Amino acid sequence: MQQQESSEFGSQLGIAGTSFDADDESGISVLSEVLETPIFDDLSTMVPDEAFLKRFGIVYARSHRIIGFDRGGQLQVAICDRDGYDHLDVVSRALERQALPILATDAAIQKAINAAYTDRSSQAQQVIDAIDRDTVLREVRSLASREDLLDTEGRAPIIRLVNHLLFDAVKAGASDIHIQPYEDRVVVRQRIDGVLFDTFEIPKAVQEEVLTRVKVLGKMNIAEKRLPQDGRATVQLGDRTVDLRIASLPTSHNERIVIRLLDKSARLYTLGELGMPPHYLAKFRTLITRDHGMILVTGPTGSGKSTTLYGALQEINSHDLNVLTLEDPIEYQLDGISQTQINEKKGMTFASGMRSVLRQDPDIIMVGEIRDQDTAVMAIQASLTGHLVFSTLHTNDAASAVTRLLDLGIEPYLVSSSLVASLAQRLVRRLCEACKQPDTDRQTDLPRPPESLLDDQGIEWSDLSGIFRPVGCEACRGTGYRGRIGLFELLIIDDRCRELIQSRANASQIREAGLSAGMHLLATDGLLKIHQGVTTLDEVMRVTTL
């Protein structure tokens with residue numbers, strides 16, 4: 001009956017057997033006129049039909065450009081051309097329900113498909129097949145009892161498990177996945193907001209297949225288990241592209257693997273969104289408009305240095321400037337900026353890359369990291385010859401950046417002439433706005449932020465919201481924290497600092513000079529954010545010395 005209705009529809013149009021291209025507006029317009037229905041260009045408010053999602057995979061939905069919705073118990077299928085209408089009969093027979101057509105643009109349908117299948121995956125379901133975590137682990141445990149691990153059927157649950165690991169981490173906003181073997185088990189952990197959390201355990205008997213699957217993804221040598229290896233891969237998760245950086249390390253209980261997740265679709269933060277104090281933000285924005293000199297961002301791994309530099313490049317990027325970067329890896333794509341990937345295995349290092357970049361007539365250069373003397377020399381020479389150079393260093397505070405350059409063998413007169421400013425930063429977790437509560441026990445324990453800091457930001461003591469503590473709710477996964485914010489310490493190199501650098505003064509002396517000129521320490525910025533109700537004392541003490 002339904003097949004007959006489909007054929008009758010084609011006859012009514014007089015275009016039976018004809019398929020319109022998805023980009024052909026006239027085709028969908030004809031459908032709209034015959035059906036006397038509007039064309040939707042946004043399907044975000046409609047609820048996907050669960051039965052449709054379970055029965056038809058994302059590949060089928062994408063290839064035929066159809067998606068089913070549940071509207072008051074009715075199954076409505078969005079189509080964008082005549083070919084989509086032909087598949088209504090397939091959907092109706094498979095689900096044993098009448099499928100009613102609605103018209104939508106191709107872009108709206110593709111967006112709805114990505115959103116629907118991604119949401120399914122976030123509800124503890126893996127990429128393609130409709131299978132939950134318990135089912136995956138049950139199949140993996142059954143695999144552990146088999147003697148022949150080369151059985152082709154044995155690969156299916158492992159692939160689903162690894163896909164689930166990736167999906168679960170991306171949806172949770174994790175930056176890293178740790179697959180850590182112990183004597184009797186394998187623990188999977190995720191780093192979320194800078195803190196590691198255990199997610200679940202994998203049976204020890206199948207750890208080899210799990211590790212092998214991950215190494216296959218990274219195009220690594222699966223036979224080599226005695227030496228560390230690095231690999232990389234790119235995976236598509238709905239409409240999101242995620243780069244994977246995979247590193248293996250032999251341990252006493254088999255290989256340990258860490259996967260760094262770089263979500264290409266994640267939005268870039270502007271300088272104003274990083275949590276930089278207003279007086280620092282104004283000064284930093286002035287500094288990045290200079291036409292030459294070197295600006296360093298310092299801090300340990302994972303402290304947000306690259307995010308700050310990306311924010312700076314976004315603000316100064318214009319058609320009048322030639323901006324080039326040297327990165328390892330390229331974390332985000334920036335429009336209008338030429339970005340170069342470092343490849344040390346093929347001889348493309350930061351130092352050699354700098355030599356090549358300087359031949360490209362640059363105005364602004366971003367060097368991902370100063371790791372050695374050669375890179376430091378090239379960066380300083382570039383800054384002294386009319387280029388603005390951004391880079392990062394692994395130091396504990398802003399003043400230590402100066403002594404680190406001197407330790408690398410750079411002459412003091414070169415450092416004092418080239419260095420414009422050093423920005424130290426850390427990341428602390430934000431209190432969850434949905435569940436945080438006033439912390440009456442600590443309201444009087446903590447000292448007040450310095451008056452100079454309050455004056456610089458135009459803050460009155462009475463404007464501060466008070467001290468809060470984490471509680472935990474569903475929105476923050478029971479941690480009490482959601483998201484992160486930066487703590488900052490900006491040292492501007494003035495004449496006094498230059499004199500100290502020339503005399504090879506230590507970091508403490510340079511820090512004192514910076515404090516007398518208006519610099520505030522990381523811990524001081526943290527103290528202010530505690531009183532503003534943004535974070536907690538425990539978080540600030542975790543990353544600084546208060």
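1. A charge is said to sit over a ring if NZ of Lys or CZ of Arg is within 6 Å of the ring centre and within 35 degrees of the ring normal. In this predicted model, the charged end of Lys436 lies over the ring of Phe468, at 4.6 Å from its centre. Arg55 is likewise placed over the face of Phe56, 5.4 Å from the ring centre.

2. Two aromatic pairs are counted. In one of them, Phe52 and Phe56 have ring centres 5.1 Å apart and planes at 40°, so the pair is tilted. Phe52 and Phe56 are both buried.

3. In the pair of Tyr310 and Tyr332, the ring centres are 5.5 Å apart and the planes stand at 85°, so this pair is edge-to-face. It links distant parts of the chain, 22 residues apart: Tyr310 belongs to helix H12 (residues 305-316), and Tyr332 to the loop between strand E12 (323-327) and strand E13 (338-341). Tyr310 and Tyr332 are buried.

4. An open sheet of four strands runs in the order E1-E4-E3-E2, with mixed pairing. Strands E1 (39-40) and E2 (67-71) stand at its edges with a single partner strand each, so one side of each has no neighbour in the sheet. E3 pairs with strand E4 (residues 99-104) in the parallel sense over five bridges. Gln76 stands opposite Leu100 in E4.

5. Asp81 lies in the loop between strand E3 (74-79) and helix H5 (82-86). Is this residue, Asp81, buried or exposed? Its relative accessible area is 1%, so Asp81 is buried. The side chains of Asp81 and Arg65 are joined by a polar contact of 2.5 Å.

Terms used. Residues numbered from 1 in each chain as written. Predicted model: local features only at pLDDT ≥ 70, side-chain atom pairs only at ≥ 80, totals over all residues. Heavy atoms only, no water. Helix = DSSP H or I, 4+ residues; strand = E, 2+ residues; numbered from the N terminus. Buried < 20%, exposed > 50% of the residue type's maximum accessible area, 1.4 Å probe, protein only. Polar contact = N/O pair within 3.5 Å; in protein donor to acceptor, adjacent residues only side chain to side chain. Pairing = 2+ DSSP bridges. Phe/Tyr/Trp six-rings, centres within 6.5 Å; stacked < 30°, edge-to-face > 60°.
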